[in-house]
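Please keep the model open while reading.

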Amino acid sequence: KPVSEDFAGDCIRLNIDDAERLFKEVKVGTPILVHEADVSTEPFLYEPKVPDLKTPHYLIADVDSSTVLASSDLDAPAPIASITKLMTAVIATEYISLDRNVAVSQPTFVQSLVPRLGDRSQVSMYSLLQLLLVESSNEAAEVIASELGRDKFMALMNQKAVDIGMTDTYFIDPSGLGAENVSSVSDLLRLTQYIHKNRNFIFELTVNQYIPTSYVSGEFGDLLNFNEVKGLDNFIGGKVGETKAAGQTSISLHNLEVKGKLRTIAVIILGSEDRNHDVTELLHYAEKHFGN
């Protein structure tokens, strides 16, 4: 049978020579197994260490190029605390209309450092997102999850982790309170890159709750931003967390000038005893070794 210049079939594309050779070598109706070889010949990664840093799990990486500048225990799962809320925000923005007004039935099994939902019967989804990301509200996390049904929401969070290649990650609740919310710094880099590329306004909200928007927002007035790193003016987004099981955790994005160009650098830490110190030290390391 004549073959056109290119033949496409069920996501497999063959040029004319390959199609002709395949036609001659097999009988009609023979199943074809297509195998894509792994381009990586050896699963090895250099991990330059930052001297005298006590935090067991850390990573500095260029978000756009995936270049790891320094790291420790890249693939070791550890509790992540409220970093969990970044995935909560992803599922909320992908499955729930931000124009929607949400009924508030205040969860009795979680508390937030700054309670804000006790006297409300409804609130806009976008305002809940602000509360979730800026003040790390556990109540907001549960109200958002209940909009789809908590079990379904958790299933979507875990499926999204699988979809974007987070193989060391599992979520047990939408707030990060449970010690079973675990991930690795390499997985969290994947999450960071996904948000940076596809839902970057999530990171923008962690810096400024009043980014321009047509959604109903600001229903709670000025919020306390828990995410900023003291003493650094190049913070462009991120999320912090802290529980007894997780210690202090953080994903933070920073601008760093490298060879005359601004690069987006991710600093990720798990199990820290002093988040601000560790983020500052890691960023200084990146500036010293790679910055202009």
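## The open sheet

In this predicted model, five strands build an open sheet. Their order is E4-E3-E11-E10-E9, and the pairing is antiparallel. Strand E4 (68-72) and strand E9 (235-243) are the edges. Each of these two pairs on one side only. On average, neighbouring strands are turned by 10° against each other, direction ignored.

Strands of a sheet pair through backbone hydrogen bonds. Strand E3 (residues 57-62) and E4 are joined in the antiparallel sense by four bridges. Ile 60 has Ala 70 in E4 as its bridge partner.

## A helix across the strands

Which elements does helix H6 lie across? Helix H6 (residues 185-198) lies across E3, E4, strand E10 (247-258) and strand E11 (261-272). Relative to E11, helix H6 runs at about 140°.

## Nonpolar cores

The largest nonpolar core holds 57 residues. Four of them touch the most other members: Leu 86, Met 87, Leu 188 and Leu 191. Helix H3 (residues 125-134) gives the most to this core, with eight residues. A second core of 18 residues is separate. Leu 53, Phe 235, Leu 283 and Tyr 285 are among its residues.

What does Met 87 touch, leaving out residues up to four places away in sequence? The contacts are Met 157, Lys 160, Ala 161, Ile 164, Met 166, Phe 171 and Leu 191.

Conventions
Residues are numbered from 1 along each chain as its sequence is written. This is a predicted model: local features need pLDDT of at least 70, side-chain atom pairs count only at pLDDT 80 or more; totals for chains, interfaces and linings use all residues. Side-chain values use heavy atoms; hydrogens and water are left out. A nonpolar core is a set of buried Ala, Val, Leu, Ile, Met, Phe, Trp, Tyr and Cys residues joined through side-chain atoms within 4.5 Å. Buried means under 20% relative accessible area, exposed over 50%, partly exposed in between (1.4 Å probe, protein chains only). Contact means heavy atoms within 4.5 Å. Two strands pair if DSSP finds at least two bridges between them. Axes are lines fitted to C-alpha atoms, for helices over the stretch in contact, and angles run from 0 to 180 degrees between N-to-C directions.
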